[in-house]
Amino acid sequence: TERIYFQVFLPKGNKEKSKPMFFCSKWSVGKVVDFAASIASLKNDNNKSTSQKLRLCHAASGEALPFEHTLETWLSDKDYPLYNGGNIILEYLDNEVLFLEDTESYFS
């Protein structure tokens, strides 16, 4: 009952465009990023301060979801909820970047 399914769109330039994955709704966004990175064999340097961070981004708003939030929080968000079976984007962002500019480009 805690499983949440997403079509995860992978970083631009990746060989695969997207992958279906499921996560536990009680997990933090940080744990989801780590888990998705290992499934998709992505380089994940989120524990280093200098490199770009692998971020989970909302497919509609482009917002990079805070690492400490749980998926549950976002499933019940009033303005931009995530949906079971919906899309999310995994992308490398600089530390100060909080939004993905062009989310549509991932789906075309």
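How many bridges join β3 to strand β4, and do the two run parallel or antiparallel? I looked this up in a predicted model, in which local features need pLDDT of at least 70, side-chain atom pairs count only at pLDDT 80 or more, and totals for chains, interfaces and linings use all residues. Residues are numbered from 1 along each chain as its sequence is written, and side-chain values use heavy atoms, with hydrogens and water left out.

Entry 1, pairing. I found six bridges between β3 and β4 (residues 86-93), which run antiparallel. Two strands pair if DSSP finds at least two bridges between them; strands (E, at least two residues) and helices (H or I, at least four) are DSSP runs, numbered from the N terminus. I noted L56 opposite L90 in β4, and I89 in β4 as the bridge partner of C57.

Entry 2, sheet. I read the strand order of the open four-stranded sheet as β2-β1-β4-β3, with mixed pairing. β2 (18-24) and β3 (53-58) each have a single partner strand, so one side of each lacks a neighbour in the sheet.

I recorded six of its six residues as buried, meaning under 20% relative accessible area (1.4 Å probe, protein chains only). In a regular strand the side chains alternate between the two faces of the sheet. In β3, K53, R55 and C57 point one way, and L54, L56 and H58 the other way.

How values were computed
Buried < 20%, exposed > 50% of the residue type's maximum accessible area, 1.4 Å probe, protein only.
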